[in-house]
Amino acid sequence: MTVTHEGGIAKHYALLAAGALGASTFNQAAAMPAKWKRTWAGYGARVADQVGFAASEELLRFALLRVVPAHGPAMRCNGARAGRPFWPRVGRALSCGVVNTLVVRETNGARRPNVPLLGAIVGASALSLTWRPERENAGKGMAFVFTRIGVVTGGTAMSGAYGAYNESSRVTGREN
C-alpha cells in the first residue's frame, strides 16, 4: 500500500478509522461474536477489536516492508481505462486488484508474493485472536482467523480494483 496519492497519510488513516467503525457497527447489528452482547460495552469491544486489528496490520506491514521491500505493482491496469466497453474494463480492474494484492514487482522486474501485505494480514488476524472470545475453542479460533484473512484480503483486492477503475478515469479526464 502506497500512501503518496491524493490526501496521503491523513486520508489513509481516516479511511481506516471509518472502516473500523463500519465493521464494528455491522458486527454489532449481526451480534458477531455472540459472546459480546448488543450493548455499548459490546460495541466498544467490537470497535477495539477492529482498531486493534487495523493497528496491528499497519505495524506489521511497515515492519515487513523494511525487511522485504516492494518496488511496484505486478500488473499494469491499462485495460481498465475509460473508453473501453464496461465489462472488459471492470474485468481488467478486478484482475488488477487481485493480482496486485497477491503479487508485487521487484526492482529487477521479477514478480514475487506480496509478503508485506499478506504477512501483515495473516499476522494481524492471528494476533487479534488473542483478545477475541473465539480463542477459547480451537475450531472456532481457526475458522475466525481464516475467515478474517479471506475477508481482509478480498476487501483489499476489491479496493485495488476500485482504485484501478477510478485511476484510469482520472488519467483520461473522464468521470464515471
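**Note on the predicted model**

1. Val151 lies in helix 5, where helices (H or I, at least four residues) and strands (E, at least two) are DSSP runs numbered from the N terminus. Because its relative accessibility is 56%, Val151 counts as exposed, given that buried means under 20% relative accessible area, exposed over 50% and partly exposed in between, with a 1.4 Å probe and protein chains only. The C-alpha atoms of Val151 and Leu59 are separated by 19 Å, although the two residues stand 92 residues apart along the chain.

2. On the basis of the coordinates, this is a predicted model in which local features need pLDDT of at least 70 and side-chain atom pairs count only at pLDDT 80 or more, while totals for chains, interfaces and linings use all residues. Residues are numbered from 1 along each chain as its sequence is written, and side-chain values use heavy atoms, with hydrogens and water left out. The mean pLDDT, which is the predictor's confidence in each residue on a scale from 0 to 100, is 88 for the protein, and 91% of its residues reach 70 or more. Where pLDDT is low, the predicted coordinates should not be read in detail.

3. As to the overall layout, the secondary structure comes to five helices and two strands, and read along the sequence these follow the pattern α-α-α-β-β-α-α. The C-alpha trace spans about 50 × 35 × 30 Å along its principal axes, and 34% of the 176 residues count as buried. With contact taken as heavy atoms within 4.5 Å, residues 24 or more positions apart account for 58% of the contacts that have a separation of 6 or more.

4. The pairing of helix 2 (residues 40-67) with helix 4 (residues 115-128) deserves a separate look, since the two axes come within 8 Å and cross at roughly 145°; axes here are lines fitted to C-alpha atoms, for helices over the stretch in contact, and angles run from 0 to 180 degrees between N-to-C directions. The crossing of helix 2 past helix 4 is right-handed, a term used when the near helix is turned clockwise from the far one by less than a right angle, with left-handed kept for anticlockwise. Residues making this contact include Phe53, Glu57, Leu60, Arg61 and Leu64 of helix 2, and Leu117, Ala120, Gly123, Ala124 and Leu127 of helix 4. By class, the contact has 11 nonpolar, five polar and three charged residues, where Ala, Val, Leu, Ile, Met, Phe, Trp, Tyr, Cys and Pro count as nonpolar, Asp, Glu, Lys and Arg as charged, and the others, Gly among them, as polar.

5. Two residues illustrate that contact from either side. Ala120, placed in helix 4, is buried, with a relative accessible area of 0%, and, leaving aside neighbours within four places in sequence, Ala120 is in contact with Glu57, Leu60, Arg61, Leu64 and Val115. Leu60, found in helix 2, counts as partly exposed at 31% relative accessibility, and under that exclusion of sequence neighbours within four places Leu60 is in contact with Ala120, Gly123 and Ala124. The C-alpha atoms of Leu60 and Pro33, 27 residues apart along the chain, are separated by 25 Å.

6. A search of the whole structure finds one disulfide, defined as a pair of cysteine sulfur atoms within 2.5 Å. Cys77 and Cys96 form this link with their sulfur atoms 2.3 Å apart, and with -135° about the S-S bond the link is left-handed. Cys77 lies in the loop between helix 2 and helix 3 (86-102) and Cys96 in helix 3, so the pair ties together parts that are 19 residues apart in sequence. Cys96 counts as buried, at 1% relative accessibility.

7. The peptide bond from Met32 to Pro33 is cis, with omega near -10°. Ala31, which belongs to the loop between helix 1 and helix 2, has a positive phi of about 55° although it is not a glycine, and Ala31 is partly exposed, with a relative accessible area of 23%.

8. Finally, Glu134 sits in the loop between helix 4 and helix 5 (138-172) and counts as buried, at 15% relative accessibility. Not counting residues up to four places away in sequence, Glu134 touches Pro33, Leu129, Lys140, Gly141 and Phe144.
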